[in-house]
Amino acid sequence: MHIRRACAVIFAILIFVTVSRAQGRLLTLDDIYDPQKRINFSGNFSQTTWLADGKHYLHFKVNPQSGLREFFKVEAATGKSEPFYNEQQ
């Protein structure tokens, strides 16, 4: 019984080490709680909204300084993006 338990513990440790190295960095409290740096762990992905021309789609990013969503018009073929809405125009 002790050998089986020891093998299970060693296996769990090896899995944890492998997963930790695969991520490239450690998870921090800022990743969870900081409003500007936090990572969305909900698994919800935004849906792609194609524009009428069929060549561009909308993509949003959260501005780390303001915490607000900013929408960008992205050209699918090249990946070139520009703000979708510009107040100066």
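Visitor: What does the side chain of Asn63 reach at 3.4 Å?

Guide: The side chain of Asn63 reaches the backbone nitrogen of Ser66. Before we go on: this is a predicted model, where local features need pLDDT of at least 70 and side-chain atom pairs count only at pLDDT 80 or more, while totals for chains, interfaces and linings use all residues. Residues are numbered from 1 along each chain as its sequence is written, and side-chain values use heavy atoms, with hydrogens and water left out.

Visitor: What makes the link between the side chains of Asn63 and Glu70 a polar contact?

Guide: A polar contact is a pair of N or O atoms within 3.5 Å; within protein, one must be able to donate a hydrogen and the other to accept it, and residues adjacent in sequence count only if both atoms are side-chain atoms. The side chains of Asn63 and Glu70 come to 2.7 Å, so the pair passes the 3.5 Å limit.

Visitor: Where is Asn63, and is this residue buried or exposed?

Guide: Asn63 is in the loop between S2 and S3. Buried means under 20% relative accessible area, exposed over 50%, and partly exposed in between (1.4 Å probe, protein chains only). Asn63 has 16%, so it counts as buried. Leaving aside neighbours within four places in sequence, Asn63 is in contact (heavy atoms within 4.5 Å) with Leu68 and Glu70. As for the whole protein, buried residues make up 7% of its 89 residues.

Visitor: How confident is the predictor in the protein?

Guide: The mean pLDDT, the predictor's confidence in each residue from 0 to 100, is 75, and 64% of the residues score at least 70. Where pLDDT is low, the predicted coordinates should not be read in detail.

Visitor: Which elements does the chain run through?

Guide: From the N terminus on, they go α-α-β-β-β-β, and that's two helices and four strands. Helices (H or I, at least four residues) and strands (E, at least two) are DSSP runs, numbered from the N terminus.

Visitor: How do you know that S2 and S3 pair?

Guide: Two strands pair if DSSP finds at least two bridges between them. S2 and S3 have seven, in the antiparallel sense, so they pair. S1 (residues 49–50) and S2 are antiparallel as well, over two bridges. The four strands make an open sheet in the order S1-S2-S3-S4, with S1 and S4 as the edge strands, each pairing on one side only.

Visitor: Why is the pair of Phe60 and Phe71 called tilted?

Guide: Rings of Phe, Tyr and Trp (its six-membered ring) pair if their centres lie within 6.5 Å; planes under 30 degrees apart count as stacked, over 60 as edge-to-face and the rest as tilted. These two centres are 6.1 Å apart and the planes meet at 50 degrees, so the pair is tilted. Phe60 belongs to strand S2 (residues 56–62) and Phe71 to strand S3 (residues 69–75), 11 residues apart.

Visitor: Why are Phe60 and Phe71 called partly exposed?

Guide: Phe60 has a relative accessible area of 23% and Phe71 has 42%, so both fall between the two limits, 20% and 50%.

Visitor: What makes Arg69 a charge over the ring of Phe60?

Guide: NZ of Lys or CZ of Arg must be within 6 Å of the ring centre and within 35 degrees of the ring normal. Arg69 lies over the face of Phe60 at 4.2 Å from the ring centre, and Lys61 over the face of Phe72 at 5.0 Å.

Visitor: Why is His56 called buried?

Guide: His56, in strand S2, has a relative accessible area of 15%, so it falls under the 20% limit. A polar contact of 2.6 Å joins its side chain to that of Asp53, and its bridge partner in S3 is Glu75.
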